[in-house]
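Me: I would like to go through the helix packing in this model. Could we take the helix pairs one at a time?

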Amino acid sequence: MTSKELNQISKIKTFIEQEMRVIDMFQKTRRREYVDSRRIFFCVLRNKFLLTYQAIGDMAERDHATIIYAIKTFENIIKIDKLLNITYQKTLEEVEFITSTPDFTRREEILYKIEKLNEELLCLVD
């Protein structure tokens, strides 16, 4: 992987941790918010970056079977858990932003996010 991809993955990890309100998603815990944050992260790496199960496992210090199980169960869980599905959709939007735009300055990134939040607010008001 290139350093740009690693930087993008790091930004995605940080975003998921903020959305799920966890400190470090790779902590050895079975608390729901940590497990769900890892599941989102694994799905993004598999579907958007096309990483192998082994490569994802190496990043997360888990074996490939754990990654396969997490992704497989996640696909069923988001059909039922609406809040988790919303978080996953937000993450996919953020992934698109991170991977499709050139590196923004911090100021440009904040302005873009403010614009997106204003659009979301207008949708909620209607």
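Reply: In this predicted model, helices H1 and H2 are roughly antiparallel to each other, because angles over 145 degrees count as such. Their axes cross at roughly 150° and come within 10 Å.

Me: Which residues does H1 span?

Reply: H1 covers residues 3–20.

Me: And is the crossing of H1 and H2 left-handed or right-handed?

Reply: The crossing of H1 and H2 is right-handed.

Me: Which residues of H1 and H2 meet there?

Reply: From H1, the residues are Ile9, Ile12, Lys13, Ile16 and Met20. They meet Glu33, Asp36, Ser37, Ile40, Phe41, Val44 and Leu45 in H2. The residues of this contact comprise eight nonpolar, one polar and three charged.

Me: Now the other pair. At roughly what angle do the axes of H2 and H3 cross?

Reply: The axes of H2, residues 32–48, and H3, residues 53–60, cross at roughly 140°. They also come within 10 Å.

Me: Which side chains are involved, by residue name, where H2 meets H3?

Reply: Phe42, Leu45 and Arg46 in H2 meet Tyr53, Ile56, Met59 and Ala60 in H3. Six residues of that contact are nonpolar, none is polar and one is charged.

Me: Where does Leu45 of H2 make contact?

Reply: Leu45 is listed among the H2 residues that meet H1, and also among those that meet H3.

Terms used. Residues numbered from 1 in each chain as written. Predicted model: local features only at pLDDT ≥ 70, side-chain atom pairs only at ≥ 80, totals over all residues. Heavy atoms only, no water. Axes fitted to C-alpha atoms, helices over the stretch in contact; angles between N-to-C directions. Helix = DSSP H or I, 4+ residues; strand = E, 2+ residues; numbered from the N terminus. Contact = heavy atoms within 4.5 Å. Nonpolar A, V, L, I, M, F, W, Y, C, P; charged D, E, K, R; others polar. Parallel < 35°, antiparallel > 145°, perpendicular 65-115°, else oblique. Left-handed = near helix turned anticlockwise from the far one by under 90°.
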